[in-house]
Amino acid sequence: MRPVEPERFRAVMGQFATGVAVVTVAGPDGPRGMTANAVASLSLDPLLVLVCFDRQARTLPEIERTGRFGVNVLAAGQEPVARQFASKDDGKFDQVGHFLHDGIPVIEGTLAWVGCDLDSLVPGGDHLIGIGAVRAAELGPGGGDPLVWFRGRYGARR
Ligand SMILES: Cc1cc2nc3c(=O)[nH]c(=O)nc-3n(C[C@H](O)[C@H](O)[C@H](O)COP(=O)(O)O)c2cc1C
C-alpha cells in the first residue's frame with residue numbers, strides 16, 4: 001500500500017457528495033454556529049445524530065457549556081449562509097433570520113432542522129465526534145432542493 005497524503009485523501013473523499021448544515025448553539029453572548037458537512041443520522045433507537053467537530057472550532061466549547069445544539073439543513077439557495085458560517089466572523093447571525101427553540105437557534109429557510117442534547121464527545125484524531133440525542137426534528141415549510149458540497153465546492157456539477 002502506498003502512503004496516502006492528506007491532499008489525496010481530501011480529493012478522494014471529496015467525491016462523496018454531502019448536504020451542508022449549520023450547527024448552532026445559544027452562547028452567553030448570543031447565537032453562534034458553524035458550517036458542517038460531517039453530519040450523519042446515527043441511530044433510530046435511541047434517536048441520535050453525529051457531528052464531527054474540528055477541535056479548533058469555536059462553536060464546540062459553547063456546545064459543551066450549554067449541552068445542546070441544533071443541526072440546520074441548508075437549502076440550495078443558502079450558499080451565502082454556508083459561507084458566512086464557515087467564516088471566523090463575529091456576529092455570523094447578524095444578517096441571518098433565526099428564532100430560538102428550547103434555547104437552540106434555528107435558521108429560517110432551511111429544509112429541516114433537529115435539536116439535540118449533547119450525549120457524548122468521542123475522540124477522532126484531530127476531530128471530536130459529537131453525538132446528539134434528538135429532542136426535536138422539524139421539516140421546513142417549503143421543501144426544495146438541498147445545498148450540496150461536492151469536490152470541494154458548492155453544487156453537484158459534474
Ligand atoms: C462545506 C464545509 C463543510 C465543513 N464541515 C465541517 C465539519 O463537518 N466540522 C468542522 O468542524 N468544520 C467544518 N467546516 C469548517 C467550519 O465551518 C469552519 O472551521 C468554521 O470557521 C468554524 O467556525 P467557528 O470556529 O466559529 O465554530 C466546514 C466548512 C465548509 C465550507
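The model is predicted, so to speak of local features we need pLDDT of at least 70, side-chain atom pairs count only at pLDDT 80 or more, and totals for chains, interfaces and linings use all residues. Residues are numbered from 1 along each chain as its sequence is written, and side-chain values use heavy atoms, with hydrogens and water left out.

I start with the ligand. Its space is the largest pocket. A pocket here is an open set of points on a 1 Å grid over the protein atoms alone, with protein on both sides within 12 Å along at least five of seven lines. A molecule sits in one if more than half of its atoms lie within 2 Å of its grid points.

Which residues come nearest? Of the 18 residues around the ligand, they are T35, C52, D54, T59 and K88. A residue counts as near if one of its heavy atoms lies within 4 Å. The shell divides into ten nonpolar, four polar and four charged residues; Asp, Glu, Lys and Arg count as charged, Ala, Val, Leu, Ile, Met, Phe, Trp, Tyr, Cys and Pro as nonpolar, and the others, Gly among them, as polar. Strands β3 (30–36) and β5 (47–54) each supply at least two shell residues. Strands are DSSP runs of E, at least two residues, numbered from the N terminus.

Now the polar contacts, meaning pairs of N or O atoms within 3.5 Å. A backbone N or O atom of C52 is 2.8 Å from a ligand nitrogen. For N37, a polar backbone atom lies 3.0 Å from a nitrogen atom of the ligand. At A86, a backbone N or O atom is 2.9 Å from a ligand oxygen. The ligand taken alone exposes 650 Å², and the protein buries 86% of that. Those areas come from the Shrake-Rupley method with a 1.4 Å probe.

Next, the strands. Two strands pair if DSSP finds at least two bridges between them. β2 (residues 21–27) and β6 pair antiparallel over four bridges, with T24 partnered by G70 in β6. β6 (residues 68–73) also pairs antiparallel with β9 (residues 112–124), over six bridges. There, V71 stands opposite V114, and N72 has W113 as its bridge partner.

How many bridges join β9 to β10? Twelve, and β10 (residues 127–139) runs antiparallel to β9. G124 is bridged to H127 in β10. The two strands form a hairpin with two residues between them, and G125 in the turn has a positive phi of about 60°.

Note on methods: Polar contact = N/O pair within 3.5 Å; in protein donor to acceptor, adjacent residues only side chain to side chain. 1 Å grid on protein atoms, 1.4 Å probe; cavity = no way out; pocket = protein on both sides within 12 Å on 5 of 7 lines; lining within 4 Å.
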